[in-house]
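Please open the model in a viewer and keep the selection tool at hand.

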Amino acid sequence: MSWGLDNLPYGVFSRRGESPRVGVRYGDSVLDLAAALHDEVFAAPSLNPFMARGRSAWHDTRTLIRNKLDSDRSVTGPHLVPLEQVRLHMPFEVADYVDFYCSLEHASNVGKIFRPDTDGLTPNWRHLPIGYHGRSGTVVVSGTPVTRPHGQLGAGRFGPSAKLDIEAELGFVVGVPSEMGSPAGPLEEHVFGVTLLNDWSARDIQGWEYVPLGPFLGKSFATSISPWVTPLEALPRVPGRPQDPAPLDYLRRREDWGLDISVEVSINDEVVSRPPYSGMYWTPDQMLAHMTVNGASLRTGDLFASGTISGPRREERGSLIELTWNGSDPIKLPGGETRTFLENGDTVTIRATAGDLTLGEVSGTVRQVT
Ligand code: CA
């Protein structure tokens, strides 16, 4: 089963006429945790209260759920709600949202596109995981329509973005008991789980506004995440990509936090890219260490994203601007249609797997409001 006992991601669901509450995906059902475990923390409309309990509670709860599903079906059975009877909601309340830039290939490609007279990478790139603070209030759950943004497209030019793009990323979701401060310790003490994330990007707005302070309105109109948060504990770990030069001590890797996750990007059901997460240069433990090294504290619900996942091959690039860059043909869709950037009505879906485990999908359809 692709949503079996090794997976068990958390989300927030509601049945018709009832308020949202926390559940765990199992097969084609959602286990109603407040009812099955008799724990009111799961009656909340977000994962935040549960995430704030900390790592040992996450582990114990996961073990309890597995045991109940595995051996106690007479108890759990009545609390398994078929997926078609539920609506899925934002799984957690986003506190602060940070987006990193951890793929060497993506940073090189985009650097050359935005700054053609350079080799792409800025002098700091191999020394620290570059990031910026995004807009947590516009992080939306999969299925939410994405309105094409308007903005400044150049000097004296205003209108709807003509270069609407996506970025295929992973998002790391933070849970911290209130007594935990900064700097952060090991990743597994602070990160509850992983979502898929689409960082919708208006390249024309971005290209005009980003110097010198970085992304702003070209990004802040929408960021989509998957409804299921896969526990970090469920994901298989692999060694991170070798780094040269060796990073400073606070960024030194103490454990393997590479993740062997295969990503797939589709436009209107046609697969256009298959980015491999395992090749990312900066790993999430390093992102967390960097994000807190200045004394900045963490809050439950913080979300930090990997940045676009791109591999070395063309068909592994995680954004359209890279896929169609440098004389590459436009993206071919069924029926002879092509794309350089997204058109109204296009649906973008990002899926991912880690071996036999699925991380589900994040999907969104572009609409224009006239
Ligand atoms: Ca991004």
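How many nonpolar, polar and charged residues does the lining of the largest pocket have? By class, there are 14 nonpolar, nine polar and five charged residues, where Ala, Val, Leu, Ile, Met, Phe, Trp, Tyr, Cys and Pro count as nonpolar, Asp, Glu, Lys and Arg as charged, and the others, Gly among them, as polar. This is a predicted model, in which local features need pLDDT of at least 70 and side-chain atom pairs pLDDT 80 or more, while totals for chains, interfaces and linings use all residues. Residues are numbered from 1 along each chain as its sequence is written, and side-chain values use heavy atoms, without hydrogens and water.

**First stop: the largest pocket**

Select Tyr101, Ile130, Tyr210, Gly214 and Pro215, which lie nearest the centre of this pocket among its 28 lining residues. A pocket is an open set of points on a 1 Å grid over the protein atoms alone where a 1.4 Å probe fits, with protein on both sides within 12 Å along at least five of seven lines; lining residues have an atom within 4 Å of a point. The volume is about 500 Å³, taken as the space filled by probe spheres set on the points, which are joined across faces, edges and corners.

Next, colour β6 (97–100), α5 (104–114), β7 (131–133) and α7 (203–209), each of which supplies at least two lining residues. Helices (H or I, at least four residues) and strands (E, at least two) are DSSP runs, numbered from the N terminus. The largest share, four residues, comes from α5.

**Second stop: the second largest pocket**

Move to the second largest pocket, with a volume of about 310 Å³. Select Gly185, Tyr250, Arg254, Asp285 and Ala289, the closest to its centre of the 18 residues that line it. Then show α6 (187–190) and α8 (284–292), the elements that give two or more residues to this lining; α8 gives the most, with five residues. Colouring by class shows 10 nonpolar, three polar and five charged residues in the lining of the second largest pocket.
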